[in-house]
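Opened a new model today and wanted to jot down what I looked up. Here it is for anyone following along.

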Amino acid sequence: MGVSTLAFVGATGGAGTTRLAVETAATLARDGRSVAVLDAAFATQGLATRVPAQIRGDLTAVATGEASLAEATYDADFDVAGQVALCPAHAPFERIARAKTSEHAQAFERAVAEAAGQYDHVLLDVPPVAANQALAAVDAAQRRALVVPATARGRDLLPQQRGRLRDVDAPADAVVATRTDATEAVAVEDADHTVPAGDPNPTRPSALDPESPLAPAVADTTEALLDLELGLSFDSGGLL
């Protein structure tokens with residue numbers, strides 16, 4: 001089965017944690033696994049844009065005790081053998097502020113544990129660690145991958161975020177560089193895994209297309225981060 005909970009932690013804002021979490025979830029579901037993606041990025045709420053339904057309950061409401069995990073979870077509706085469930089943050093500022101308190105951060109950890117009991121894997125979309133819910137997310141995860149865009153800014157901020165994770169006793173297990181095929185991409189020497197940009201405006205995860213150059217890269221990264229083997233085929237890369 002491999003690792004059950006993995007946090008994708010941004011080394012900087014806009015690192016691509018949401019995209020990587022969804023692409024990883026789609027890859028796992030393509031292999032027949034059930035996956036939940038939980039959004040700890042309360043401020044940007046990027047995962048909400050991936051939900052194909054009207055959002056009523058959300059993860060901030062779960063943290064504040066105003067909704068159950070089931071009420072805040074939505075089927076991604078991908079055509080795959082497995083299942084992808086999305087639990088977004090989608091709330092007014094007042095509830096976001098309450099959900100960020102230390103008390104409600106503990107409820108966030110309980111939500112992660114609950115999801116881990118219901119799905120094969122739980123992926124956490126985590127912003128640079130600076131708030132209680134992000135601390136809760138990295139603490140709850142079995143593994144943490146720092147996600148850094150292949151830019152000078154991303155590379156420069158990587159050591160800072162790596163140090164912050166060590167400071168909270170939740171060190172990074174790996175570094176994933178994203179958008180490595182961009183025209184102005186820079187080398188991230190500390191990266192353990194690299195993922196190209198893929199379709200800039202996808203209507204569905206690029207990883208669902210075996211011919212996409214992103215698909216095998218995400219599959220390789222997923223196998224390494226979660227300690228598992230995927231039985232996936234790729235038209236351009238043979239068989240995993």
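**Helix 6.** I kept in mind that this is a predicted model. I started with the length of helix 6, residues 152-167. At 1.5 Å a residue, its 16 residues should span 22 Å, and I got 24 Å between the end C-alpha atoms, which agrees. Then I looked for a kink: helix 6 bends by about 35° at Leu158, and a proline, Pro159, follows within four residues. Next I asked which residues of helix 6 are buried. I found Gly154, Leu157, Leu158, Gln161, Gly163 and Leu165. These buried residues pack against strand 1 (5-10), helix 5 (132-140), strand 6 (143-149) and strand 7 (174-178). After the helix comes Asp169, with a positive phi near 60°.

**Helix 1 and helix 7.** I checked how residues 17-30 (helix 1) and 214-226 (helix 7) meet: their axes come within 9 Å and cross at roughly 85°. That makes helix 1 roughly perpendicular to helix 7. On the helix 1 side I listed Arg19, Glu23, Thr24, Thr27 and Leu28; they meet Leu214, Val218, Ala219, Thr222 and Leu226 of helix 7. By type, the contact residues split into five nonpolar, three polar and two charged.

**Thr178.** Last stop was a residue in strand 7, Thr178. Is Thr178 buried or exposed? Its relative accessible area is 7%, so Thr178 counts as buried, the cut-off being under 20%. Leaving out residues up to four places away in sequence, Thr178 touches Ala15, Val147, Val148, Pro149, Ala150 and Val195. I also took the C-alpha distance from Thr178 to Ala150: 5.9 Å, though they are 28 residues apart in sequence.

Note on methods:
Residues numbered from 1 in each chain as written. Predicted model: local features only at pLDDT ≥ 70, side-chain atom pairs only at ≥ 80, totals over all residues. Heavy atoms only, no water. Helix = DSSP H or I, 4+ residues; strand = E, 2+ residues; numbered from the N terminus. Expected span 1.5 Å × (residues − 1). Bend = angle between axes of the 7 residues up to and from the residue. Buried < 20%, exposed > 50% of the residue type's maximum accessible area, 1.4 Å probe, protein only. Contact = heavy atoms within 4.5 Å. Axes fitted to C-alpha atoms, helices over the stretch in contact; angles between N-to-C directions. Parallel < 35°, antiparallel > 145°, perpendicular 65-115°, else oblique. Nonpolar A, V, L, I, M, F, W, Y, C, P; charged D, E, K, R; others polar.
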